[in-house]
Amino acid sequence: MRTRVTDMFGIELPIFAFSHCRDVVAAVSRAGGMGVLGALYFTPEELEMELKWIDDHVDGKPYGVDVVMPASYEGADFPAEELVGRLQSMIPEGHRAFVENLLAAHGVPALSADAEAGKVLLGWTDATARPQVEVALRHPIALLANALGPPPADVVELAHSHGVKVAALASTPRHARKQVEVGVDVVVAQGTEAGGHTGEITTMVLIPQVVDAVDVPVLAAGGIGDGRQMAAGMALGAEGVWTGSLWLTVEEADTPEMARRRILEATSRDTVRSRSWTGKPARLLRNEWTDAWESQESPGTLPMPLQFMLVSDALRRIGRSGAAELATFPAGQVIGLTNQVRSTRDVIYSLMEQYSEALERLERITGD
């Protein structure tokens, strides 16, 4: 296949795979697509180790890094050295009590006294994401992506000075135009079906609007789980696809077994857009956790990054206790198509086989 993005990155297939797992990233790139590592959960030191591993296992193929640099969040004007403390002081005690009561109702125990301290802030802010960018640009990455709004113009310029292309996710044509204004090279048009932070417009409606709004290559995202959906995205004007939830259940993924099992059993109706994870709307696996935050007893969610700071330890406690009814995580509606564990290479092969079959069907329909 040949599109502007395959030419831009020197890849065989216009398939971009977002994953927090380095094994998946490397496997997709080796198979001819482009793996993109989500940096959010890593400290700069951890990210350095992850990227060094990818460098050693990607066989010289291009790969990317995805960071989160939101355009707006609480504490944006706080000094970096005061950021965590001042943000912690902004979390109401009523919200802390609500979380504790919810965990107690499900028998989730407290963390042990010797438990390692959790990561309460992650890369949800400009101050915490910039060190991740610095680490990423010390490696031979081909792409730097921003997952939440247009990246800062100086970050785009810095990436370009290293010969690195920049992508950003958009959920409306207006967002896409703003990203092009700051210099991004690729726009990821992400429909509401997608996992994680997402807007309200469906993929089929969004893609042609974004394609018409900007002159840079567009990737179709949200609900891309097989080759037929890939063909649909390309028919709407996209020049590649951005995938995420599809890789949660592959053999190489480090998805916890409890989560993997729930994804394999889930239908496309088992996700919901919720602010209960980060404070901004994100599509998550629906369960008693997301329902609780929508209940009459809920105090309401907090703005980013306060919400994640509030619930980060709770999510760790849920994971360690095995309370499946509360364990939630980002997942798109495409999980309704994932019902078996396969290798990454097999998934890539299936995507392309289904894509070719879809094109053949269209040729039969339109043929003389």
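Predicted model: local features only at pLDDT ≥ 70, side-chain atom pairs only at ≥ 80, totals over all residues.

In which helix do Lys-52 and Asp-56 both lie, and how many residues apart are they? They are both in helix α3, which covers residues 44–57, and they sit four residues apart, about one turn of the helix.

Asp-7 and Arg-2 meet through their side chains at 2.9 Å, N to O; here Asp-7 is partly exposed, with a relative accessible area of 45%, whereas Arg-2 counts as exposed at 72%. The other is between Glu-239 and Arg-4, whose closest N and O atoms are 2.6 Å apart. Glu-239 lies in the loop between α10 and β9, and Arg-4 in helix α1, so this pair ties together parts that are 235 residues apart in sequence. Glu-239 counts as buried, at 14% relative accessibility, while Arg-4 is partly exposed at 41%.

Now let me turn to a charged residue without such a partner. Asp-185, in the loop between α8 and β6, is buried yet has no salt bridge, and the nearest side chain of opposite charge, that of Lys-165, is 4.4 Å away. What the side chain of Asp-185 does make is a polar contact with the side chain of His-160, at 2.7 Å, and one of its polar atoms also lies 2.7 Å from the backbone nitrogen of Val-166. Leaving aside residues up to four places away in sequence, the residues that Asp-185 touches include Met-8, Val-216 and Pro-217.

Stepping back to the whole chain, the protein is divided into domain 1, made of 4–73, 124–253 and 338–366, and domain 2, made of 82–118 and 255–330. The contact between them takes 25 residues from domain 1 and 16 residues from domain 2, and their centres, taken over C-alpha atoms, are separated by 26 Å.

Finally, there is an open sheet of three strands, in the order β7-β11-β10, with antiparallel pairing. Its edge strands are β7 and β10, each of which pairs on one side only. Four bridges join β10 to β11, and Ser-274 has Ala-282 in β11 as its bridge partner.

Note on methods:
Residues numbered from 1 in each chain as written. Heavy atoms only, no water. Helix = DSSP H or I, 4+ residues; strand = E, 2+ residues; numbered from the N terminus. Buried < 20%, exposed > 50% of the residue type's maximum accessible area, 1.4 Å probe, protein only. Lys, Arg positive; Asp, Glu negative; His and termini not counted. Salt bridge = Lys/Arg side-chain N within 4 Å of Asp/Glu carboxyl O. Polar contact = N/O pair within 3.5 Å; in protein donor to acceptor, adjacent residues only side chain to side chain. Contact = heavy atoms within 4.5 Å. Pairing = 2+ DSSP bridges. Domains from an automatic or database assignment.
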